[in-house]
Amino acid sequence: MAASAHTTPIPATLSADKTRSEAKVLTDLVAHANLDDAQRARMAAQGAELVRRIRAEAKPSLMEQFLAEYGLSTREGVALMCLAEAMLRVPDRETIDDLIEDKIAPSDWGRHLGEASSSLVNASTWALMLTGKVLDDERPGLAGTLRGAIKRGQEAKGFTYSYDMLGEAAMTAEDAARYAKAYSDAIGSIAAACDKGSVEANPGISIKLSALHPRYEVAQEARVMAELVPVVRDLARKARAADMGFNIDAEEQDRLVLSLKVIGAVLADPELAGWNGFGVVVQAYGKRAGLAIDWLYALASDLDRRIMVRLVKGAYWDTEMKLAQVEGLEDFPLFTTKTATDVSYIANARKLFEYGDRIYPQFATHNAHSVAAILDIAGDVPFEFQRLHGMGERLHDIVRV
């Protein structure tokens, strides 16, 4: 099946600027950030105030409260630790169920009921007492029950979720087909909770292109465009039908241009017109982050779409730097210092706000200064903060409005 066409050319600079001088890129970013002394002082002060509040108002996390109740001094705590350690090596679902029954069922969970200060920990204790029922249930077992209790508590506070199905890149066509089905099934499951009336309020999902094709590489571009685009397009159509967010995760820097070509072909699908849920993750630690955002804005404009862009700092710095060394590149495709990445994050945050007519900005960060900077430059453009579950909770509690 042929891929959809789009008319927004990818500029040669997106390939040529992969290893552009860091000093030159930073000079341009600093100019675009355009922060005067008063703004810098205001951002620094607000960031410091956020940190002070986090430290002063810090409360034990759910996991800390759970571990306090089920420490290694208790039989139940030892059982949970053994279960967690052993499950890393469990080969199949049947063995997982047997392991849970062996480690959880014999323990005296009832004596912990109501003893914890956290209502969620007490709810988890109650769930542990009902292990037999959980094992007989068709839902995803004990861990799913505990995660469900946590998720409901977070949603009651005003959070919504974007689900990321973590996994390895597909090595075979069978791997890719399995991931495609898993994504499709996940979208179907999440769709049941998409009842909030808007993409922004509904839960969403993130997918990895490399999980959906065994040869997701530049040398196989023709095959990727012919075989992968229809798979991603069909998943996007299913997400559109549910009015949920659908984000394309970032890949390695050497596949950035290929990723953008796939994104362009999928977004050009006429069946996605009028849907604001298509999103793309952009990594600020990459030197071409700003160029990628420029192109995404041009694409959305050409196709008369409104898309989401999730700005992240990036999570695979060590791997990317090593790959650049192995390839013998003249320079690195990423910034070499955290400070440079922070500059890029703020400069590209400003760019996203400037493109607010076509882009809904999403900022994934756990950094107080970055949060303060975004709040200072946002103006009246709608946006959202995002965080990994279990991280930065107090910071996001403070800034949530």
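The paragraphs that follow begin with the whole chain and then take up individual strands and helices.

The model is predicted. The protein contains 17 helices and seven strands. It has 401 residues, and 47% of them count as buried. Among contacts with a separation of 6 or more, 75% join residues 24 or more positions apart. The accessible surface comes to about 19,900 Å², and carbon and sulfur atoms hold 55% of that area.

Strand β3 has a parallel partner in strand β2 (residues 204–207), with four bridges between them. Within this pair, Asn247 of β3 lies opposite Ser206. Strand β3 also pairs with strand β4 (residues 278–283), again in the parallel sense, over three bridges. Here Phe246 has Phe278 of β4 as its bridge partner.

Helix α11 (residues 221–242) forms a right-handed β-α-β unit together with β2 and β3. Helix α12 (residues 256–267) takes part in a right-handed β-α-β unit with β3 and β4.

Next comes a helix pair. Helix α13 (residues 289–302) packs against helix α15 (residues 338–354) at an angle of about 10 degrees, and their axes are 10 Å apart. Angles under 35 degrees count as roughly parallel, and α13 and α15 are therefore roughly parallel to each other. On the α13 side, the contact involves Ala289, Gly290, Ile293 and Asp294; these meet Asn348, Lys351 and Leu352 of α15.

The last stop is strand β6, residues 359–364. Six of its six residues are buried, so β6 is largely enclosed by the rest of the structure. The cover extends to both faces: Ile359, Pro361 and Phe363 are buried on one side, and Tyr360, Gln362 and Ala364 are buried on the other.

Strand β6 pairs with strand β5 (residues 307–312) in the parallel sense over five bridges, and Gln362 of β6 faces Arg310 across this pairing. Strand β6 also pairs in the parallel sense with strand β7 (residues 384–386), over three bridges. In that pairing Phe363 stands opposite Phe385 of β7. Between β6 and β7 the chain passes through helix α16 (residues 368–377), in a β-α-β crossover that is right-handed.

Note on methods: Residues are numbered from 1 along each chain as its sequence is written. This is a predicted model: local features need pLDDT of at least 70, side-chain atom pairs count only at pLDDT 80 or more; totals for chains, interfaces and linings use all residues. Side-chain values use heavy atoms; hydrogens and water are left out. Helices (H or I, at least four residues) and strands (E, at least two) are DSSP runs, numbered from the N terminus. Buried means under 20% relative accessible area, exposed over 50%, partly exposed in between (1.4 Å probe, protein chains only). Contact means heavy atoms within 4.5 Å. Accessible areas come from the Shrake-Rupley method with a 1.4 Å probe; for residues, only the protein chains shown count as cover. Two strands pair if DSSP finds at least two bridges between them. A crossover is right-handed if, with the strands pointing away from the viewer, the path from the first strand over the helix to the second runs clockwise. Axes are lines fitted to C-alpha atoms, for helices over the stretch in contact, and angles run from 0 to 180 degrees between N-to-C directions. Angles under 35 degrees count as roughly parallel, over 145 as roughly antiparallel, 65 to 115 as roughly perpendicular and the rest as oblique.
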